[in-house]
Amino acid sequence: KKQISLAVQAYVVIDLYNYIIGKRKSVNTEKKLFEFVPSGGLTNSSNNDLYSQIKSECLEELNLKINFKNLTLVGFYLDFNQNLLDFVFKINLKNSNLLINKISKSEEHSKFSIKDKSYLKKNINRFTNTSKKIITKILNEK
């Protein structure tokens, strides 16, 4: 049996109703699909490692430093198709106008954008598997 990969995935909520998404470059699995960023592989899986990894991914992929107080572990998703276990975090931030100018392209993504719930709902099939589950969770929140 192939060993399962462990990863972290976060969705950044800006000003309570906007979300940062990235379009994956064609060199990655699930190529050219959208996903919530940041995300990345995990080598250690203690609770502290999970939080440290997502903070590192946020800095690496988005050029954003986040505090632990803005970060919540909300669950996990087992993707049988990708043989992947994603630990899913929610990151609450403010000031979307400032953030869009701070974030920069990463090696894994061709572009980033900030979108609202209606965009996520309308385009759910253009997202990676884990991101589709996160969208479903977002749409079911009150």
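Tutor: A residue is called buried here when its relative accessible area is under 20%. Please note also that this is a predicted model.

Student: Fine. Are phenylalanine 34 and tyrosine 119 buried or exposed?
Tutor: Phenylalanine 34 is buried, and tyrosine 119 is buried as well.

Student: How many aromatic pairs are there?
Tutor: The structure has seven aromatic pairs. One of them joins phenylalanine 34 to tyrosine 119 edge-to-face, with 6.5 Å centre to centre and 85 degrees between the planes. Phenylalanine 34 belongs to strand S3 and tyrosine 119 to helix H3, 85 residues apart, and the pair thus links distant parts of the chain.

Student: What about the rings of phenylalanine 34 and phenylalanine 127: how far apart are their centres?
Tutor: Their centres are 5.7 Å apart and the planes meet at 40 degrees, so this pair is tilted. Phenylalanine 127 is in the loop between H3 and H4 while phenylalanine 34 is in strand S3, so the pair ties together parts 93 residues apart in sequence. Both phenylalanine 34 and phenylalanine 127 are buried.

Student: Which residues form the aromatic cluster?
Tutor: One cluster is formed by Tyr11, Tyr19, Phe34, Phe36, Tyr119 and Phe127.

Student: Which lysine lies over the face of tyrosine 119?
Tutor: Lysine 115 does, at 4.7 Å from the ring centre. Elsewhere, lysine 55 lies over the face of phenylalanine 68, at 4.1 Å from the ring centre.

Student: Changing topic: which residues touch the most other members in the largest nonpolar core?
Tutor: That core has 22 residues, and Ile20, Leu62, Phe89 and Ile91 touch the most other members. At least two residues of this core come from each of strand S1 (5-14), helix H1 (47-62) and strand S6 (84-93). There is also a second, separate core of 13 residues, among them Val13, Val88, Tyr119 and Ile138.

Student: And what is isoleucine 20 in contact with?
Tutor: Beyond its neighbours within four places in sequence, isoleucine 20 is in contact with Val12, Ile14, Phe36, Val37, Leu62, Leu64, Ile103, Ser113 and Ile114.

Student: Last one, H4. Which of its residues are buried?
Tutor: Asn129, Thr130, Ser131, Ile134, Ile135 and Ile138 are buried in H4. Their cover includes S1, strand S2 (18-24), strand S3 (34-36), strand S5 (71-79), S6 and helix H3 (117-122).

Student: What span should helix H4 have?
Tutor: At 1.5 Å a residue, its 12 residues (129-140) should span 16 Å, and the end C-alpha atoms are 17 Å apart, which agrees.

Note on methods: Residues numbered from 1 in each chain as written. Predicted model: local features only at pLDDT ≥ 70, side-chain atom pairs only at ≥ 80, totals over all residues. Heavy atoms only, no water. Core = buried A, V, L, I, M, F, W, Y, C linked by side-chain atoms within 4.5 Å. Buried < 20%, exposed > 50% of the residue type's maximum accessible area, 1.4 Å probe, protein only. Helix = DSSP H or I, 4+ residues; strand = E, 2+ residues; numbered from the N terminus. Contact = heavy atoms within 4.5 Å. Expected span 1.5 Å × (residues − 1). Phe/Tyr/Trp six-rings, centres within 6.5 Å; stacked < 30°, edge-to-face > 60°. Lys NZ or Arg CZ within 6 Å of the ring centre and 35° of its normal.
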